[in-house]
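Dear colleague,

I am handing over the structure we spoke about, and my notes on it follow directly below. Please read them with the model open beside you.

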Amino acid sequence: MSFSIADLFTEHFQEKFDLHEHYLNNQMVRVLRTIGYDRNYKRAIGQYLYDQDNNEYLDLLSGFGVFAIGRNHPTVISALRETLTLELPNLVQMDVSLLSGLLAKEILATCPDNLDKMFFSNSGTEAVEAAIKFARYTTKRPRIVHCEHAFHGLTMGSLSLNGEEIFREGFGPLLPNCSAVPFNDLEALEKELSSKDVAAFIVEPIQGKGVNVPDDNYLPEVERLCKKYGTLFVADEIQTGIGRTGKFWAIDHWNVKPDMILMAKALSGGFVPVGGVAMTTKIMDTVFNRMDRAVVHGSTFSKNNMAMAAGLATLEVMRAEKLVENSAKVGADIINTINASATRYEFLKEARGKGLMIAIEFQSPKSLGLKAAWAMLEAANKGLFCQMITIPLFKEHRILSQVAGHGMNVVKFLPPLNLTQKDRDWIINSMDKTIADTHQVTGSIWTLGKNLASHALKNKK
């Protein structure tokens, strides 16, 4: 029998959107067609996507951070091919696997020295679920505290810690005993922790929704307060970790030592999903404290050989290509260059972030004509202005980006970490042209703005 994925891809290449419309999420298809993102991509290499006409696009989303080393990296492909052909024993459940032990050793070598045990999962949200369970069992406390505007995943436990109502609406009742505090607010955090019934404070070192960077004293004080009140400090590095912010872990910017680090996304190399929790021996030995408890928490596919091989190969690429260092250098250059242009553009408030986790925030201008145009968009749908940045970036400059969150005027870049000088110039020149165009209220970009506002008002009705 002959079975070929290549043949299937070729035969059905033009059917992608129709298939999704009929059998999957047709609302996503509607979104893509409405904003003009309905492209047929044929191949992907590194930081680039190529459509059926071989047009090159610069991918500043990287699958929401999954493709930190770029798409289809040959080192990871080679590792996966080799793993497939070795006929290794895989998922022998009454056994332990060699590759998961090797990957655990490699990851822990990058972590603060208080973390010396690993638990593997299939995804980031599974890592969060594990952290909730481990924290409650270790501390014998019921409550979990998280931050407003946080994003920790979409399964029920993780969803209970999400600070954006749009993700939570209609899915309740959610996990009880979960409380939110403002990000970067130590007074509010201490008030919650002082009750001494909080098992864990779970926080993104830099918030993904909006790319909110904390004050320099925030995470060190978080660590101190958690120790003071007996709460576990859990750093959700699912998006910020593995080189994204110009350090291997974002917590390294502040030299803190959490009790757990949650990871996923980039560790996969973009091929086989893998997540994990790095933790202290105390947490591991408390949860798995007897032989009859050896299986009290796990995940059937979590330590499969393909995922572990992908993780090992990804770490090797990060080292060999010095991607952490490149992230720090290129990211700082982009942020500084965009900020240097802020005096020329009324709409531009600031660029911020660390490494290649970048936000560009826009604001209401001072001049009357621009202010009226801004108000028109805000009245239709808060945060709509950013679509006037991301859509032209895509259609006119072939740069794929995103709005950083619902109802905010922030554009977010989360590209592969291997950006070159060519890519840096591509981003800067395209952003400069697009932002300049928004200041011409009689130009074509504001025709787009009016159309967006019209669609938004119709959807409200």
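This is a predicted model: local features need pLDDT of at least 70, side-chain atom pairs count only at pLDDT 80 or more; totals for chains, interfaces and linings use all residues.

The partner of Asp 437 is Lys 433, with which Asp 437 forms a salt bridge whose closest N and O atoms are 2.9 Å apart. Lys 433 is likewise in the partly exposed class, with a relative accessible area of 41%. Both residues belong to helix H17 and are separated by four residues, which is about one turn of the helix.

Helix H17 (residues 421-438) also has a neighbour in helix H14 (residues 323-340), the two axes coming within 11 Å and crossing at roughly 20°. Because that angle is under 35 degrees, H14 is described as roughly parallel to H17. The crossing in which H14 passes H17 is right-handed. On the H14 side the contact involves Val 330, Asp 333, Ile 334, Thr 337 and Ile 338, and these meet Arg 424, Ile 427 and Ile 428 of H17. Sorted by class, this contact of H14 with H17 holds five nonpolar residues, one polar residue and two charged residues.

Helix H5 (residues 74-85) packs with helix H13 (residues 305-320) at an angle of about 150°, and their axes lie 9 Å apart. Since an angle over 145 degrees falls in that class, H5 is roughly antiparallel to H13. The H5 and H13 crossing is right-handed. From H5 the contact draws on Thr 75, Val 76, Ala 79, Leu 80, Thr 83 and Leu 84, while H13 contributes Asn 305, Met 306, Ala 309, Ala 310, Ala 313, Thr 314 and Val 317. By class, the contact of H5 with H13 comprises nine nonpolar and four polar residues, with no charged residues.

To return to the charged pairs, how many salt bridges does a search of the whole structure find? The search gives 22.

Two pairs may interest you for where their partners sit in the sequence. Lys 257 forms a salt bridge with Asp 113, the closest N and O atoms being 2.8 Å apart. Lys 257 is partly exposed, with a relative accessible area of 36%, while Asp 113 is exposed, at 63%.

In the other pair, Asp 18 forms a salt bridge with Arg 33, and the closest N and O atoms are 3.7 Å apart. Asp 18 belongs to helix H2 (residues 16-23) and Arg 33 to helix H3 (residues 26-35), so that the pair links distant parts of the chain, 15 residues apart. Asp 18 counts as partly exposed at 39% relative accessibility, and Arg 33 is partly exposed with a relative accessible area of 36%.

Lastly, there is a network of salt bridges, in which Lys 349, Glu 350, Arg 352 and Glu 361 are linked.

Methods. Residues are numbered from 1 along each chain as its sequence is written. Side-chain values use heavy atoms; hydrogens and water are left out. Axes are lines fitted to C-alpha atoms, for helices over the stretch in contact, and angles run from 0 to 180 degrees between N-to-C directions. Helices (H or I, at least four residues) and strands (E, at least two) are DSSP runs, numbered from the N terminus. Angles under 35 degrees count as roughly parallel, over 145 as roughly antiparallel, 65 to 115 as roughly perpendicular and the rest as oblique. A crossing is left-handed if the near helix is turned anticlockwise from the far one by less than a right angle, and right-handed if clockwise. Contact means heavy atoms within 4.5 Å. Ala, Val, Leu, Ile, Met, Phe, Trp, Tyr, Cys and Pro count as nonpolar, Asp, Glu, Lys and Arg as charged, and the others, Gly among them, as polar. A salt bridge is a side-chain nitrogen of Lys or Arg within 4 Å of a carboxyl oxygen of Asp or Glu. Buried means under 20% relative accessible area, exposed over 50%, partly exposed in between (1.4 Å probe, protein chains only).
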